[in-house]
Amino acid sequence: MEQDDCAQEGVSVERAFEADPIPSLSETITPRSIVVSFILGVALCAVAMKISLTSGFLPSLTVPAGLMGFYLIQAWFRALDYFELPYQPFTRQENTVIQTCVVACSAITFSGGFGTYILAMGKKAAGEDMRDEKNTIEPSIGRLIAFLFLVSFSGLFILMPFRKVMIIRHQLTFPSGMATAHFINSFHTSQGVNKARQQVKMLFRSLGGTVFWNMFQWFFTAEKDCGFKVFPIFGLEAYKHGFYLDFSMSNIGIGMLCPYIITVSMFIGCVISWGIISPYLATKSGIWYSTNINSTSMNSIRGYKVFIGVSMILADGLFNFLTIVLCTLYAMCKRHKQPMQGDNEVDSDTQLPFHCLNAAEQQKTKKSFDDRRRAQVFLRDHISNSVNIICYILLSVVSILAIPYLYPQMRHIHVATIYLVAPVVAFCDAYAFGVTDMNLSSTYGKLAMVLVASIVGRNNGGVIAGLVSCGIVMGSMSNSNNLMQDLKTGYLTLTSPHAVFISQAIGTALGCIINPIMFWIFYKVQNGNADIFDAPYARVYRGIAMLSAGQNGLPMHCLWLCKIFFTLALVLSMFREMATCKQWRVAQYIPSTICMAIAIVMPARIPIDMFVGSLLLYLWRCANPSKAPAYSMAVASGMVCGDGLGMLLTSAMALTQVHAPICIKFLSRTDNVKLDAFLATLPMT
């Protein structure tokens, strides 16, 4: 959830809560908060897993976590009031604990790589290379749980010694954490309670309607390509090329949550991929590649599109990586020189292109009441840095010994090198995350993948080694980023750092168990020939690892096309950044490079669904500009959650061999006449 305006608070927030005592640790982490966190963690993990496996585009789940957590606690209070039982009041600190625990649990879906590097190791992503045993490993639930515990918990201790430096000294913004804190603070005012109740009602209405729609659709999906999920809204000819609407409410909801530029960029990439690249490459069948090759092979059209998308992603990632590193170094130097500037304000003309980068610099030297109050609570709890360092060293040693046992392609020296470099890189990543709200853990993971895969080599299992190294970096750094962000939320809600850390650890432990189980349910359904997910990111990660390890036999002219699209993506990223920095009017209309790249790889129906969601939101805002901004996020969150829960129900029915009774298909008029003529020849029963 990005914040476009990082201005200081005009009104004191803590004055409104000045009379409220600071709750103790036992009053903050309560049995009811753990129970609510577990219930929401299971629900949102199912939602996040479904989204990660289908579209690969995972939105922030802080809004549904906050709304549903608030609602469940209020429902619990009503039940206790009915039986006239006493209960402790629900504080914003306890609300923060629930939010931290639930988000930590569901965040493992992304950092755990279930839709990326885990699936990229399997035979389905390998295609024709599935017989290469050194470079393919099928997912195992035991291996996944052990791996996630090792890399996720090590991330909790990497940056804990730097928490005071980032939160107090440098006053990093962490825009999403700040937005979450304002969200929680507003809940615990009289006006905020009434608004939250209305939003919760809208969320549950949307959720219930989406679950009902999913179950209604299921009745008409007796066979593959049946039902409303293959609705040829653009015509049957466009349907043959992948252009159709599948009524995926989660993708439509994601489209409502995303900025317009994201969905429009993906739609543009979809048109380029399926409307230009695919038809052009189809004309080269038998010339550039064999006509007898399976469509899932990396030597067919799929290979061209995957590697073109990879080249564009690498170009955009390289540009953003270098830009953020330079901007971070510049910001650190400015803050280092700040004490010598006295009470003078920083010149606004020196603002960097990334939002909120100078928010802390623009604050006055004199501390406000809110700052003094928050710093007092934040510094009150003492967490020994030596204990954090020892815990990190112990977890690193265990990982160095265990990970090569779990994945034999990985060497002990490779794991040791990653854990040795991780603290320095994690600090840079978290610092950049704090000032730009851009999580680059996946970018660092890809960098580790390229280095390790190239060192190990394809013949020695370099593809798997590269993907595992990517998982180590993503799991540890993403968790450390989330912890720093949650500490910022705790700082702004007067929540004890002890409570934040413990709730983060509980959520991480739950996520390391719940997510592999959710993944296993979906994966088993997929193995049963139920086409429920496409995992476009898995093909991207597999392609990067194959290129790094030494991919042989690329399709003809594939490398040439990759160079062209790499250059075009780099130029587009540079032009977009320049236009944003110069505040050109055209900047808001320049498409996002990485969104276009992902749309080239994924099926066309996903960007179409997201574009429909943005279009519905735009029409709603035009028709009702007062209610749409207040309730659109709740409605979209309900659609996302409802679709995930509905998919979990249909997956459970598929596992129990329950089949839909009806099949609906869409035919052209000519095919319908032929079908009627054929049915007329059959005897009546």
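Among contacts in the protein chain between residues at least 6 apart in sequence, what percentage join residues at least 24 apart? The figure is 83%, where contact means heavy atoms within 4.5 Å.

**View 1. The protein chain as a whole.** This is a predicted model, in which local features need pLDDT of at least 70, side-chain atom pairs count only at pLDDT 80 or more, and totals for chains, interfaces and linings use all residues. Residues are numbered from 1 along each chain as its sequence is written, and side-chain values use heavy atoms, with hydrogens and water left out. The protein chain has 26 helices and zero strands (DSSP runs, H or I of at least four residues for helices and E of at least two for strands, numbered from the N terminus). Of its 685 residues, 54% count as buried, meaning under 20% relative accessible area with a 1.4 Å probe, protein chains only.

**View 2. Helices α13 and α23.** Helix α13 spans residues 260-282 and helix α23 residues 593-601. Their axes (lines fitted to C-alpha atoms over the stretch in contact, with angles from 0 to 180 degrees between N-to-C directions) are 7 Å apart and meet at an angle of about 40°. Residues in the contact include Trp274 of α13 and Met596 of α23.

**View 3. Gly543 in helix α21.** Gly543 lies in helix α21, residues 536-549. Gly543 counts as buried because its relative accessibility is 0%. Gly543 and Gly309 are 234 residues apart in sequence, yet their C-alpha atoms are 9.5 Å apart in space.

Technical notes: Buried < 20%, exposed > 50% of the residue type's maximum accessible area, 1.4 Å probe, protein only.
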